[in-house]
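Welcome to this short briefing. Have a look at the structure below, and then let us walk through it together, topic by topic.

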Amino acid sequence: MESITGFDLQRNIAGWIIKIQSEPAVTEADAEELKSHLLEIIDNLKAAGLHEEEAFWVASRRLGNSTDWGEEYRQENNPVIQMRRSLIILAGVLAYFICYYFILSTSKLLFITLLFSHIGGHMAAEWVLRYLVSWHFAVLLFLISILFLEKKTISFIESIKLKPKHTVILLLTTVVLSITDTCLFPIVKNMISDNHPLRSQLIHFYINFDFSFPLLISLGFIFIYFRYYKKAKFQ
Amino acid sequence: MKSILRELMGASAIPIILSALQNGDSYGYEIVQRVKELTNGGITWKEASIYPVLKKLENEGMVKSYWKVQTGQRPRRYYTLLTDGKKQLEKNTQEWELIQTVFATLLKPAT
């Protein structure tokens, strides 16, 4: 509810909580505890006669910010921070496999759809090749954007508060996509007769993709790693 | 009133918190207020700093926390003193009594 001066206590408290929670070392439970403390101070100050707005500003000053207590929280929540980082790394690996199986299964679906639409086999294979190559460009663009939007990328990654259940969802998605890809492959093979050159052409596309896609990701990762290694060593 | 040395505040934080919890379960804000009242404002902690200390005590098995919601009140995280906490408090009490004895002896005018 807004007061006559336009001060919305709930909105300001919510903004304060968001700021607190942006500190990677502070867990959800810690933020709730600090919120409870803030509200206690506000209640006492209001009872002492202060206006809502004054009470909020005094209370938030009394509690301070992450520069005042962030380091202590980092020390005590270190196991939580390490687990969060491990989950982010695991999520990154799963994200790669999700991407990989998504591209493979959608390319097979594209091929099947094009054949059912009575587009010639060679044209369909060409479209599959274009689809796979365009994904390479998309990934390259993404890796380049990480280089130019460094700070935003880092603050985004640090703001991710991954829970184990999110990793389970990613794992299940990976499994579903890999099963879909595995099921689609014999369907695609059966749509092309055994000795047709299109079959070997398609298999070559996928073999090349199995090689080029992880290579692209690895090279991008190596480049980014050495860039940060150089920065960390010489700055 | 001259403010107490930062190092002394830091060293006394754990024994004071454990003593406050010895009298019954409490929550962060209540502990800070009680210490402020008992010392007439002589000891004023940075209010949010009590929570990492409480977390440290919980990680070391000296206290245990739980959320409690009383009717008509907001949820609060209470802390209860465990056996290891009581032992630590006994140890701290003996250490502070020793320091106090040394002070008292050294400050006694020579006869």
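Searching the whole structure, over all chains, turns up 15 salt bridges. Keep in mind as you read that this is a predicted model. One of the salt bridges joins the side chains of A:R62 and B:E47, with 2.7 Å from N to O. This pair crosses between chains: A:R62 sits in helix 3 (residues 52-63) of chain A, while B:E47 lies in the loop between helix 2 and helix 3 of chain B.

**Charged pairs and polar contacts between the chains**

- Side chains of opposite charge can pair when their charged atoms come close.
- How many salt bridges are there between chain B and chain A? The count is 6.
- The rule for polar contacts finds 12 residue pairs across the interface of chain B and chain A, counting pairs with both residues at pLDDT 80 or more.

**The side of chain B that touches chain A**

- Three elements of chain B give two or more residues to this side: helix 2 (28-38), helix 3 (50-59) and strand 3 (76-81).
- Sorted by class, the residues on this side are 9 nonpolar, 3 polar and 8 charged.

**The size of the contact**

- On one side of the contact there are 20 residues from chain B, and on the other there are 21 residues from chain A.
- The size of an interface is often given as the accessible area lost when the parts come together.
- For chain B and chain A, the buried area comes to about 1800 Å², and 51% of it is on carbon and sulfur atoms.
- Which residues of chain B lose the most area to chain A? They are B:Y29, B:Y51 and B:R74, which together make up 34% of what the chain B side buries.

**Chain B on its own**

- Chain B has 4 helices and 3 strands.
- Read from the N terminus on, the elements of chain B follow the order α-β-α-α-β-β-α.
- The C-alpha trace of chain B spans about 60 × 35 × 20 Å along its principal axes.

**The largest pocket**

- The volume of the largest pocket is about 1800 Å³.
- It is lined by 39 residues, and the closest to its centre are A:I88, A:G92, A:T153, A:I157 and A:F221.
- Helix 5 (78-116), helix 6 (121-148), helix 7 (150-159) and helix 9 (197-234) of chain A are the elements that give two or more residues to the lining.
- Which helix of chain A gives the most to the lining of the largest pocket? Helix 5 does, with 12 residues.
- By class, the lining of the largest pocket holds 28 nonpolar, 6 polar and 5 charged residues.

Notes: Residues numbered from 1 in each chain as written. Chains lettered and ligands numbered in written order. Predicted model: local features only at pLDDT ≥ 70, side-chain atom pairs only at ≥ 80, totals over all residues. Heavy atoms only, no water. Contact = heavy atoms within 4.5 Å. Buried area = accessible area lost by both parts, 1.4 Å probe. Salt bridge = Lys/Arg side-chain N within 4 Å of Asp/Glu carboxyl O. Polar contact = N/O pair within 3.5 Å; in protein donor to acceptor, adjacent residues only side chain to side chain. Nonpolar A, V, L, I, M, F, W, Y, C, P; charged D, E, K, R; others polar. 1 Å grid on protein atoms, 1.4 Å probe; cavity = no way out; pocket = protein on both sides within 12 Å on 5 of 7 lines; lining within 4 Å. Points joined across faces, edges and corners; volume = space filled by probe spheres on them.
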